[in-house]
Amino acid sequence: MYSVVLSLLSPLLPAHAAPPPSHVQAELVAETDSLRPGQPAWIAVVLTMEPGWHVYWHNPGDSGLSTTIRWDLPGSFDIGPIEWPAPSAFAGSEVTSYGYEGQVMLMSRVTPSADASTAKPAMLGATVKWLECREICLNGSTEVRLELPIDQAVPQLNAQWANAFAVARRRLPRVTQQWAFQARWQARQLLLQIQYADDLEPELSGAALFPLQPGLIEHNAPQRLTHDSDGYTLELSGAFVAPLKPVDRLQGVLVLQPAADPGEAPESIAVQVDVPIERIR
Amino acid sequence: MRRMSMVGWAAVMVLALARPAVAAEVGEPAPDFTLQDVTGHARTLSEFRGKIVVLEWVNPECPFVKKHYDSDNMQRLQQTAAAQGIVWLSINSSAIGKQGHLSPELGGEFLTARGASPAALLLDSDGAVGHLYSAKTTPHLFVINPQGVLVYAGAIDSIPSTDAGDVSKAVNYVQLAINDVLAGRPVETVATQSYGCSVKY
């Protein structure tokens with residue numbers, strides 16, 4: 001197995017300027033060393049960023065541009081959507097945007113067809129496009145490739161990447177049975193009620209909602225978490241600009257921060273939210 | 001009726017007080033301001049009362065701005081505006097030392113190099129006017145009618161990308177707003193979410 005990275009820098013710069021070096025490296029990796037016909041497997045585009053640089057989530061927020069992947073796979077392969085890790089918020093003056101720094105794995109489930117040929121390895125490819133920003137923003141674009149044998153044998157875990165896949169998958173925003181959500185408009189605020197299914201409600205020290213839909217909430221406004229006998233409420237400011245098409249569902253990622261006892265540093269919990277919004281604005 | 005804890009109420013109160021008032025609101029009078037242009041002259045928004053005014057937030061280094069200048073889209077909009085008696089004001093709010101900051105000299109060079117023809121390129125390096133209008137991105141566009149009311153605020157067009165090829169496929173909200181005002185109609189699309197690089201305050 002090998003991966004080849006070709007950097008194609010943005011053609012949008014004036015022709016007379018030398019293109020600036022990219023601060024993000026992309027590669028295509030797989031959890032296993034081979035693929036089995038008819039069996040789903042995980043592959044990922046890994047973006048590694050220089051310190052201070054970030055790329056954007058599916059909803060980039062107030063500024064920036066979504067990271068996109070265009071797959072180039074054998075015709076008989078099925079590919080699922082990108083499983084976006086929970087983003088971070090990058091707050092500036094007047095703007096808050098959503099994305100990733102350091103390293104991010106954008107994974108998708110790939111399934112070769114049941115009759116996929118085992119005669120020769122499959123070439124998996126992708127064109128990855130992003131906007132990388134620190135103080136300034138640069139277009140980034142790369143074609144990545146990965147060759148994997150197709151084999152009837154049980155695929156073995158890749159020594160280099162299997163652990164990273166397991167960790168990243170565990171941290172993906174999960175569909176939760178333990179928390180229940182309700183969303184409703186109250187004047188210009190969107191209130192997200194958060195209730196725990198059990199009597200033993202964990203104490204939260206904070207929460208942040210990352211909406212999938214741009215233009216629903218004011219990304220740059222503080223989100224205040226309040227607590228009463230019914231549970232928690234996260235107060236979101238509605239966007240100053242109403243969306244062109246009314247939005248009747250709140251979809252996104254809610255990152256819950258459990259309160260810490262002295263000496264503890266509990267990990268945040270990322271859950272998926274997908275609920276109707278009562279009383280459309 | 002749910003009762004909120006004291007902490008909960010206090011938090012709500014703080015939230016209500018802390019949320020800043022947005023100075024520029026669509027449907028309201030556009031806030032007045034005075035800025036120096038690249039020739040050193042002070043220009044005031046209210047001096048253009050009686051004409052349609054377009055405000056275009058610009059940062060020459062931003063890939064989204066380059067999309068509209070590389071494709072000649074912005075220059076054409078500016079020329080059409082001038083022919084229609086519309087006052088097009090480009091505004092640079094990049095702080096000193098930040099990306100895209102324009103001195104009068106650099107601003108003049110930018111206009112020449114790009115063949116841009118706004119009525120004025122205004123320098124707002126302390127960001128005061130940017131914050132007054134809550135300018136979030138470059139580009140970020142505002143259209144003000146001859147009575148001084150803000151009638152459009154938001155994206156220049158409907159495709160948030162850095163690809164110059166998207167310009168001809170996109171709906172240009174600024175041109176639509178101008179057309180509505182010239183025809184004496186209420187502006188149909190009054191606000192959209194802007195896209196671009198963050199303004200480098």
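**Pairing in the sheet of chain B**

In this predicted model, B:L141 stands opposite B:G154 in strand 8 of chain B.

Q: What makes strand 7 and strand 8 of chain B a pair?
A: Two strands pair if at least two bridges are found between them; strand 7 and strand 8 of chain B have four bridges, in the antiparallel sense, and they therefore count as a pair. The two strands form a hairpin with five residues between them, and B:G148 in the turn has a positive phi of about 85 degrees.

Q: How do you know that strand 3 of chain B pairs with strand 4 of chain B, and in which sense?
A: Strand 3 (residues 53-57) and strand 4 (residues 87-92) of chain B are joined over five bridges in the parallel sense, and since at least two are required, the strands pair. One of the bridge partners is B:L89 in strand 4, which faces B:L55.

Q: Why is one side of strand 2 and of strand 8 of chain B left without a neighbour in the sheet?
A: The open sheet has seven strands in the order 2-1-5-4-3-7-8, with mixed pairing. Strand 2 (42-44) and strand 8 (150-154) of chain B stand at its edges with a single partner strand each, so one side of each has no neighbour in the sheet.

Q: What makes B:L141, B:F142, B:V143 and B:I144 of strand 7 buried or exposed?
A: Buried means under 20% relative accessible area, and all four residues are classed as buried, although B:L141 and B:V143 point one way from the strand and B:F142 and B:I144 the other way.

Definitions and conventions: Residues numbered from 1 in each chain as written. Chains lettered and ligands numbered in written order. Predicted model: local features only at pLDDT ≥ 70, side-chain atom pairs only at ≥ 80, totals over all residues. Heavy atoms only, no water. Buried < 20%, exposed > 50% of the residue type's maximum accessible area, 1.4 Å probe, protein only.
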